[in-house]
Amino acid sequence: MCMCLGAATDIISEGMEKLENLEGIESLENLQKIDKNLVKQYLKDYIPDLLNFAIQLVLAVLLYIIGKHLISFARKVVRKTLERRGVDLGVRQFLDSILKYFLFIVLWLMILTLFGITTASVVAVVGSAGLTLGLALQGSLENFAGGVLILLLRPFRVGDYIVSNASGYEGTVQEITTFYTKLTTIDNRVIMLPNGSLAGGAIVNATGQLTRRIDLNVGISYDSDLHKAKELLAYIVAKESRVLTDQPVDIYVSELAESSVEMGCRFWVKSEDYWPVRWDTLEAVKLIFDEHGIVIPFRQVDVNIKNS
């Protein structure tokens, strides 16, 4: 009897386990069906949006590439037109810089419209943030206004050699852009100076005129022949072919100093010849003075020792 009850119990247990396994399989199959339905629904909902975004992205890239080439072509046409009309190089560079920024802003607005962002929305955002943008771009606006003043007043042009007293930098003007002026120094360094500081500060234009005057000061000893020294200076100036003969030449005694007679020599040259002529003349003065016994004194100290 006991054996029959044990066997019956085992059969019932096995039946329950099989039933539980069947329920587990059915629930797993149901979960898989639910997961598949969710994935299908997700793909059905979002794949069109993803495809639409991908198409918009491709169109935006194509629009940017095409627009960039069109902007380059438009700038080239404007530059050639201004050049044919004889517009100053600095003005051409400034207008080209403005045209470049304007056309790229238009291009980016067109690209934003592809993604559903309207121009009115951009203008509204810019307008609401106007005060913040104004404070942030205060320096840029000042430089832009400075560039306009430079082009209107023309204190210098492209190719001039200028010295900015505000910054202490100097060099040849290579380009005048919307916000900055590009200089190249004598040792071929590039300096970008803000237009605002240039327009609001003192500027020395070393090549603004066609001619420049060279002022030389040479000291000779009191024992040297003054008249001979003046004759030698006149000879050096007359021998220099780059000195302008239609301008006056002045040779004079400028000061009776403590240990020397200071002599001055003034003559005119073309602006581009200023430094070469100055250097060559100083060298010639030293050589010819030594040759004729004209002493150029130098600072020296005499020490006297007294024996107690």
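Visitor: What does Trp275 count as, going by relative accessibility?
Guide: Trp275 has 45% relative accessibility and so counts as partly exposed, the class between buried (under 20% relative accessible area) and exposed (over 50%), with a 1.4 Å probe and protein chains only. This is a predicted model, in which local features need pLDDT of at least 70, side-chain atom pairs count only at pLDDT 80 or more, and totals for chains, interfaces and linings use all residues. Residues are numbered from 1 along each chain as its sequence is written, and side-chain values use heavy atoms, with hydrogens and water left out.

Visitor: And Tyr274, buried or exposed?
Guide: Tyr274 counts as buried, because its relative accessibility is 8%. The charged end of Arg212 sits over the Tyr274 ring, 3.7 Å from its centre; the criterion is NZ of Lys or CZ of Arg within 6 Å of the ring centre and within 35 degrees of the ring normal.

Visitor: How many aromatic pairs turn up in the whole structure?
Guide: The search finds 4, where rings of Phe, Tyr and Trp (its six-membered ring) pair if their centres lie within 6.5 Å, with planes under 30 degrees apart counted as stacked, over 60 as edge-to-face and the rest as tilted. One of them joins Tyr64 and Trp108, which are tilted because their planes are at 40°, with the centres 5.6 Å apart.

Visitor: Where do Tyr64 and Trp108 lie?
Guide: Tyr64 is in helix 1 (residues 2-84) and Trp108 in helix 2 (residues 89-114), so their pair ties together parts that are 44 residues apart in sequence. Helices here are DSSP runs (H or I, at least four residues), as are strands (E, at least two), numbered from the N terminus. Tyr274 and Trp275 form an edge-to-face pair, at 5.1 Å centre to centre and with 90° between the planes.

Visitor: New topic: how many residues has the largest nonpolar core?
Guide: It has 12, among them Val218, Ile236, Met263 and Phe289, where a nonpolar core means buried Ala, Val, Leu, Ile, Met, Phe, Trp, Tyr and Cys residues joined through side-chain atoms within 4.5 Å. Strand 6 (211-220), helix 7 (226-239), strand 8 and helix 8 (274-291) are the elements that each give two or more residues to this core, and helix 7 gives the most, with 4 residues.

Visitor: What does Ile236 touch?
Guide: Beyond residues up to four places away in sequence, Ile236 touches Thr281, Ala284, Val285 and Ile288, with contact meaning heavy atoms within 4.5 Å.
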